[in-house]
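Here are a few exercises to work through with the model open. Try each task before reading its solution.

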Amino acid sequence: MAKQLAFYVDIAKCTGCKACQIACKDKNDLPMGIRWRRVFQYEGGEWIQKNGQMIPSSVYAYFVSAACMHCENPVCLQVCPAGAIHQREDGIVLIDEKKCIGCRYCSWACPYGAPQFNEDLGVMTKCNMCYDLVDQGEKPACVQACPYRAMDFGPLDELQAEHGTFNNPAPLPEPSITRPSVVYGPSNTTKVTGDTSGHMMNLEEL
Amino acid sequence: MNTHEWALIAFTLLTQLSIGMLIATLTVRAFAGRKTNPERTAPISDLPIYVVVALMVLALIAALFHLGKITHVIGAVPNLATSWMSREVVAAVVFTALTVLLAFLIWRKIGTEFMRMIIGWITALMGLYLLLAMSLTYMLPAQPAWNTLATPVTFFTTSLLLGVLGTAAVLVFTHATVDSQIIKGIAVASIVLVGLELLTMPLYLAFLSTQGAAALRSLSMMIGEYGWALVLRLLLVFAGGGLLAAYLFKNASTAKQEKMSTTLAYSAFALALVGEVIGRFLFYASSFRIGV
């Protein structure tokens with residue numbers, strides 16, 4: 001049986017340039033408003049004033065690049081009334097646009113906001129892990145496009161052996177709901193799910 | 001709020017009204033026929049059954065407008081194994097088919113009243129399953145404002161409240177005189193259900209305050225931006241299903257009050273219906289998914 005495939009993102013290396021997001025849009029010819037991969041900016045902390053100057057104290061900001069997590073427990077697949085979502089042996093979760101009825105129910109259930117409604121097609125669409133490239137032995141477009149080599153792709157167990165099992169940086173949700181196939185490399189300021197010290201920024205870009 | 005959610009407000013409320021009316025009507029039929037030949041008393045409650053069918057047809061048409069591809073409606077069926085939405089769709093279609101069968105048997109006077117009542121209660125059981133499936137459709141872990149016991153409690157009470165008041169409205173429309181015992185029974189049921197709704201709301205709001213950021217956002221919207229809608233909803237339901245129903249109960253046995261009872265029954269139903277529409281609007285407008 002094929003191994004579960006997964007993404008790896010090194011938050012310490014990511015500068016939030018969104019090259020991954022754009023590469024995804026380009027590769028998949030996504031219309032306005034649809035972003036299969038999104039880069040969340042999370043920041044918080046406080047500045048203090050000393051001798052008339054503002055001095056950074058606990059200020060932090062970091063970026064979390066996220067797409068469909070091709071979860072071990074894909075709730076989108078379970079709730080889809082049309083049976084339009086299936087999971088390959090290698091764990092890639094795919095939407096069959098011919099079967100999808102566009103009810104958007106999967107978008108209510110997925111805490112990662114992965115399934116997105118395409119108004120032109122009248123169906124849900126989401127990251128397919130560039131399975132066409134993967135089947136040819138290549139890596140997904142987002143991974144290939146990252147100028148900082150902050151992203152990687154491969155079997156989940158191998159990524160975990162190399163980078164650990166951290167999969168819940170804030171602002172991502174509690175992973176126990178879907179068990180996402182993803183590994184994040186934290187920076188020294190990365191907060192975990194449920195953190196209330198920071199907030200997402202530049203929401204209009206998401 | 002977009003048109004897709006209006007389609008769901010219409011679908012869920014029409015379906016719940018329909019199921020509640022069927023249960024109320026069957027109870028009225030059984031009650032009316034208890035001391036005499038049920039074949040003679042049954043026809044007084046024929047019209048509500050036809051109304052139930054019409055409401056379900058409207059509900060199914062409304063549901064179509066929620067889909068991105070209306071032509072693919074049959075595609076909503078296959079995933080019965082794991083999807084409560086599939087189960088909801090199938091249950092809605094089967095329930096509608098059974099109401100059509102029941103209405104046809106009543107219209108053509110096929111079989112005995114006893115047999116029709118058996119089919120009626122089987123249909124009602126399917127309706128109760130539909131209410132359950134509808135509730136579980138919304139009880140998603142990623143939607144904390146929906147993933148609570150308040151969802152099924154609200155769906156069942158809304159269904160029965162609108163059902164008893166709707167049945168009363170149709171009965172007084174068709175008959176100059178309705179057995180005062182039936183009107184009294186309907187009024188008492190209505191008051192109890194309104195009490196349940198009023199009890200559920202503060203418990204629900206208190207529960208939301210303990211369920212994390214997304215639930216707090218829902219709570220904030222419900223008592224902040226849409227606070228007026230929440231208050232209006234509770235006031236309308238209380239006025240219609242509580243106060244007017246109490247007045248209806250008081251006047252039910254006074255012969256000269258027939259005309260007043262008619263007005264009261266219509267008003268009680270109308271107020272409760274508007275209250276429930278606002279409540280369902282709030283249900284969709286104030287739910288926020290956890291995560292990103």
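**Exercise 1.** Work out how many residues of domain 1 of chain B are in contact with domain 2 of chain B, and which helices supply them.

Solution. Start with the bounds, which come from an automatic or database domain assignment: domain 1 of chain B is 1-138, and domain 2 is 144-158 + 177-292. Next, count contacts (C-beta atoms, placed from the backbone, within 7 Å): 15 residues of domain 1 of chain B touch 15 residues of domain 2 of chain B. On the domain 1 side, α1 (3-32) and α5 (113-138) of chain B each give at least two residues, and α1(B) has the largest share with 9 residues. (Helices are DSSP runs of H or I, at least four residues, and strands are runs of E, at least two, numbered from the N terminus.)

This is a predicted model, where local features need pLDDT of at least 70 and side-chain atom pairs 80 or more, while totals for chains, interfaces and linings use all residues. Residues are numbered from 1 along each chain as its sequence is written, with chains lettered from A and ligands numbered from 1 in the order written.

**Exercise 2.** Find the order of the 3 strands in the open sheet of chain A, and its edges.

Solution. Strands pair if DSSP finds at least two bridges between them. The order is β5-β2-β12 in chain A, with antiparallel pairing. β5 (60-66) and β12 (198-201) of chain A each have a single partner strand, so one side of each lacks a neighbour in the sheet. Finally, check β2 (38-44) of chain A against β5(A): 7 bridges join them, and Glu43(A) has Ala61(A) as its bridge partner.

Definitions and conventions: Two residues are in contact if their C-beta atoms, placed from the backbone, lie within 7 Å.
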